[in-house]
Amino acid sequence: MDRRNFLKVIGGVTVIAVNPSLICGNLYAADGLLYAAYEKAQLVDESGKPIKASSLEKEVTYIFNYPYASTPCMLIDLPESTNQNIKLKSEMGEEYVWKSGVGKDRTIVAYSAICSHQLTHPTRNDSFIQYVPKTKPTMAYSSSGVIVCSSHLSAYDAKAGAKVLSGPASQPLASIVLEHASDDTLWVVGILGSDKFQDYFKAFKPEFKQFYNGTAEAKKLVSISAKTVKLTQYSKELIQY
Amino acid sequence: MAISRRDAIKFSGLAAIAATTVSVHADSNGATTASKRVLLSPAPVPAAKGKRVVIVGGGPSGLTIAKYIKKGNPKVDVVLIDKRPVFMSGFISNLVVTGVLPLDFITHDFLEGARNGNYNFLQATVYDIDRTSKRVYTNEGSLKYDVLVLAPGIDYDYSKWSKGDIELENTLRTKFPGGFIPGSETLSLKSKIENLEDGSVFVQTVPGGNYRCLPGPYERSCLIADYMKRNKIKGKVIVLDENPNITIKADGFQSAFNKLYKDYITYMPSTNITSIDPHNQKITTELGEVINFTDAALYSRIRGNKLLEIAGVSKDSTFNKGEANIDPFTYQVIGDKNVFCAGDARPMGFSKSGNTANTEGKIVAANIVKYLNGENLSRANWKSPLTVCYSAVECDPLRAISVHAEYSYDDAKKSFGFANAGTMEKWEGAEGLAGGKGLKEWGNGLYRDLFA
């Protein structure tokens, strides 16, 4: 069963898989196989006001939940332009292409914040995964300006589709497909790459009870807008080394 | 093969079961008809729908290999065999025996792993392996394999202490278990620690060779001392180390011993034990020192699990007796490419830890999938496993130090060494607190990878 059918059956929701080159997304998969479109949602701040790309603080990890109510994603405005047309490979060997970041200087990226290694992710209590700014050292990799999961020290290249740089992770973080509108607002439209959502839903049922009143709520699809806050607001404690 | 089938049957408990039946006929093989009927009957697993991989040993290595073979190719039929009804991890167990985390934390469900990983779990004891007919014999019946994976882990090697005295070895195993093969030993250790009182002298030994969980004995010493401190018990922990220095994270442990547990821990490096009197609870060293103790975790040297001998695939390594006789790059048994050995039974000098076995298991699983597709495995297929491990040094608040490393092969020395290694050994500041948080999430990540 391919991933597209799998999602249709398992998720019980309509996931429209279209070749992303047909939509105005800024990322695309080579053959559309590892791309899943979800309901388009606008990134908004805590008070519900649309977030403007130009207002993002550089090198700060922001978190929003998408495409499900409980699946956290990272939004980062990098200090320099991202690389382009990065060829990536999932752990099952499927190849896809990550086109670029968005924004005026192609500096804005979004990735799933569920570590592709063993599903470590930000919760309200703590976060082991985050973008490490260029000025801060990390044990996980020889240089900073990378995404690090400090649980088992996997480092991902923030400017190249979250490609694995070091550590035990065997595939990139899934990319969140962003759109940057002409009024400087940001929208999310789909997931590119191999996500770990089904494993995640299986593994964290007690956590969903604690934070989302159960799995059904946790699995609700995000609609219209996604609240975006700094990771420091999202999680009480950040652990990074 | 190291022992014959006949011997294996003699030693197995099944002969005894058969002896209780009314009519017992020994056949020409020495097995009774009743026992033979059970032993040679098919094991209760569904008929293989594709090529079958049988994995013996459901520790971090076997569990990872089972799951990732199915992920790599769902058409491969996988049967994981373990003799235990319940999984308990060695990693994190020092925090359980000292009451910091509940038993639940390290106790897991084999059936959950099988359900989520879509493989078969067979709770059975393997007593023989016939590599000619590619058949594994268990107390639940036998089954054929196309590829066999042996991940049976370690056993203790008491020979240095017992010099062949089985009664002494059995007394040491029972009274002062090392606590590095999880299960009853873990529970024994937990109650020993709960029973500490004023005047207690607890001995923790550190063996030579490449023993399982290098930081384990030092971490445990810290945590027992911490337990005494927290519970206002005037006791001592004596660490008798066969090695000349702390074997890993030395700065972190040394400074914890000095700064946190000066009044509790006595560290004695380069200590060769010449005799142990388990009844009078007395240890004598090569230098003539006599150490009296009230309780102990006597961690002996280790060896490869004897299942490797049963399969006829064992060989003494540079470090330990009876480890797997495999090609270090492909994990295939020398002379029998259908048999792979992984986990702590491997002869390479990798750190014998759950995390190493987990990262290695993914590489081995990917190679087995390739091998079943007709690919010949070679050194080109080798990838380094990763070792990431945390050790707690203090409980309240939890502080931990860590090490992370890969391995590389030195062609001149013909051995593996650490590569890209780093440590975080400053337990005192924010780093140590972060390490404490990291330790728990590190463990939970592993359990997720093994079972969810």
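**A first look at the model**

A:Pro67 sits in a loop of chain A, the one between β2 (62–65) and β3 (72–77). Keep in mind that you're looking at a predicted model.

**Chain A as a whole**
- Chain A has 241 residues, and 51% of them are buried.
- Its secondary structure comes to five helices and 16 strands.
- Take the contacts in chain A with a separation of 6 or more: 62% of them are between residues 24 or more positions apart.

- As a bit of background, most peptide bonds are trans.

**Positive phi angles**
- Most residues other than glycine have a negative phi.
- A:Asn213 has a positive phi, near 55°, and lies in the loop of chain A between α3 (205–212) and α4 (215–218).
- A:Asn213 counts as exposed because it has 10 C-beta neighbours inside 10 Å, and the cut-off for exposed is 12 or fewer.
- Over in chain B, B:Gln281 also has a positive phi, near 55°, in the loop that links β14 (273–277) and β15 (282–285).
- B:Gln281 has 17 C-beta neighbours inside 10 Å, so it counts as partly exposed.

Technical notes
Residues numbered from 1 in each chain as written. Chains lettered and ligands numbered in written order. Predicted model: local features only at pLDDT ≥ 70, side-chain atom pairs only at ≥ 80, totals over all residues. Helix = DSSP H or I, 4+ residues; strand = E, 2+ residues; numbered from the N terminus. Buried ≥ 20, exposed ≤ 12 C-beta atoms within 10 Å, placed from the backbone. Contact = placed C-beta atoms within 7 Å.
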